[in-house]
Amino acid sequence: WADVAILAVPWTAHMSIAKEAGSALDEAKIIKAAAGGDAAGLGSLADDISSRSPGSELAPLARAWAGILGEDYPPAIGLLDAPRRYRPNDPAILHLAGIAGLGSEDYYEAKTRLTRAAALWPAHEIIESDLAEAYARDHDLDGARKVLEAWAASFDPNDPPGAAEAWSVGNPPPTVRIEAIDMLEGQPTTVAKSLAAKAGALKLAGAGWRVRIPVLMTLIEVQLDLSEMGSPREKQQWLDTTRETLRDIDALVPAEERSAHPWIYDRIEALIRVREGRTEEAGQIRESIMKASSIPGYDPGVEAEIDAAIALKKADKTAHIAACRRAIEARGALEDLARLAQADTIVRDWKGAEEEFDAMDLRLARWSAARRRDALLARPLRSAMIPVIYYIGGLARVYQGDALGGHERFGTFLAYYRNPDPVYNLIHSDARDRGAKPAW
C-alpha cells in the first residue's frame, strides 16, 4: 500500500487541525491509520467518532480513506462532501476527493478537485501526476501536457520531491514525466532529442546527480529501443548514442550509489552488449549481477530480462519465452507481460498473447491509487508500450476469428498513434488497413 499510504505522510503539515483536543487526537489517529494502510482500523475509528461526535466531518473522512485503501472509490466521493465543506481550502482533502474521482472514472470530479488541490499545494508531485492522469484518461492529452508543462516550468532541479526521498526513474521529475505524452503518441525520436537537450542543460546548470540520472536513464532506455528499429545504419547510430549516454552515466553516478544498486547500471551495459552482438559478454555481466542478490532492493527480474534479450538475439524462441515467463514470476511488471505477449506473436501463439493482453488490460483500464506504477503517465518507458499492447491485443483477437474485437483494440492503438514516428509506420498502416478507426 506504499503508493496510497505515502499520501498520508505529509498531511500533518497541511491539514487544518481542529481546535478541540479530542478532534485533534482523532485526526492524528486517522492519519496514522491511513499511513499504515489500515482500512479496518479506519472503519473502527469512523464508528467510534460517530458514536462520540455525531455529525463530525472526521467520521466520513475516515470512511473515505478506508474505501480508497480498499479500492471502493465511488462511495468516497460522497463521503468527502462533508470534510470538503468544513475545510474548503484543505489540499489534502481535495486530493483525496480527486483520487476518489479518478478511481471511479468520474474525470470531471477528479479534474475539478485536483486542479484546486494543485493550486493550494503547488508542485506536489503526486497531486500534479494525478491531475495529468485524469486528463489523459479523459482522452485529453493536450490537457495533460499543459498540466505537466506548468509543473515543469516551476520546477527547480535543486528541490527534492515532496513525497519521496529523491527523484528516480520510477518517480521522475516533471521534466522527464512530460515526455510520457510523446511516448504515448509514438514519438520516441522526439523524446530522445528532447531528453538529450535536457540532460545537457542540467549539466550546464550544475544540477545534482539525483535529478540528472532519471533524465539520462530514461534517455538511454529510449535509445536502446530505437537501436532495434529502422535501417541498419539508423540502428547503429542509435547504438552509438546509447554508448555515449552510458559514459555520461558512468561519470556521474557516485561510487556509493553504484555499490548500493549495481544491477541498475550493469543491466544497461549487458543490454547494450546484446545489441552489439556480444552475447557471451552480456551473459558474464548477468552472472556478475546475480552476486548482488543479497543487497536490499535487488531486482531479480533483471536476470531473466537479460536472458530473454540474449535468447532473442540468438533467435532461440523457446528460451526467449521461458526467460520472459521467469521475469513475470520474479516481478510481474507490465513491461514483462508485454515482452511475453510480443514473444507469443512471434510464434503465433494467439491464445497466449490474448491471456497476456487480458492481464495487462485489467491493470491499465482502471486507475488505482495502489497501482500508480501502472498509470498511463507514470513514466515515459511505461507509456511507450501502452499503445503497442492494444495493437498486440488486436492481432490476438483477429487471428482467433474475432475481427470486430480486433478493430476495437486497434482503435485504441490508433487513438494514441495519430501521428507516430516513421519507425511505427508498419504497424500503424496495418491497423488502418484492417479497417480500424481511432476510438476517440
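Tutor: A polar contact is a pair of N or O atoms within 3.5 Å, where one must be able to donate a hydrogen and the other to accept it. Keep that in mind for this predicted model.

Student: What makes the pair R331 and D299 a polar contact?

Tutor: Their side chains come to 2.7 Å. The cut-off is 3.5 Å, so the pair counts as a polar contact.

Student: How far apart are R331 and D299 in sequence and in space?

Tutor: They are 32 residues apart in sequence. From C-alpha to C-alpha, the distance is 7.7 Å.

Student: Where is R331, and what does R331 touch?

Tutor: R331 sits in helix α20, residues 317-331. Leaving out residues up to four places away in sequence, R331 touches D299, G301, V302, E305, D336 and R339.

Student: Why is R331 called partly exposed?

Tutor: Its relative accessible area is 28%. Buried means under 20% and exposed means over 50%, so R331 falls in between.

Student: Which residues touch the most other members of the largest nonpolar core?

Tutor: I30, L42, W65, I249 and L377, out of 126 residues. Helix α23, residues 380-398, gives this core its largest share, 11 residues.

Student: How many residues are in the other core?

Tutor: Six, including A308, I321, C324 and L340. That core lies apart from the largest one.

Student: Why might nonpolar side chains be buried together?

Tutor: In soluble globular proteins, they tend to be.

Note on methods:
Residues are numbered from 1 along each chain as its sequence is written. This is a predicted model: local features need pLDDT of at least 70, side-chain atom pairs count only at pLDDT 80 or more; totals for chains, interfaces and linings use all residues. Side-chain values use heavy atoms; hydrogens and water are left out. Helices (H or I, at least four residues) and strands (E, at least two) are DSSP runs, numbered from the N terminus. Buried means under 20% relative accessible area, exposed over 50%, partly exposed in between (1.4 Å probe, protein chains only). Contact means heavy atoms within 4.5 Å. A nonpolar core is a set of buried Ala, Val, Leu, Ile, Met, Phe, Trp, Tyr and Cys residues joined through side-chain atoms within 4.5 Å.
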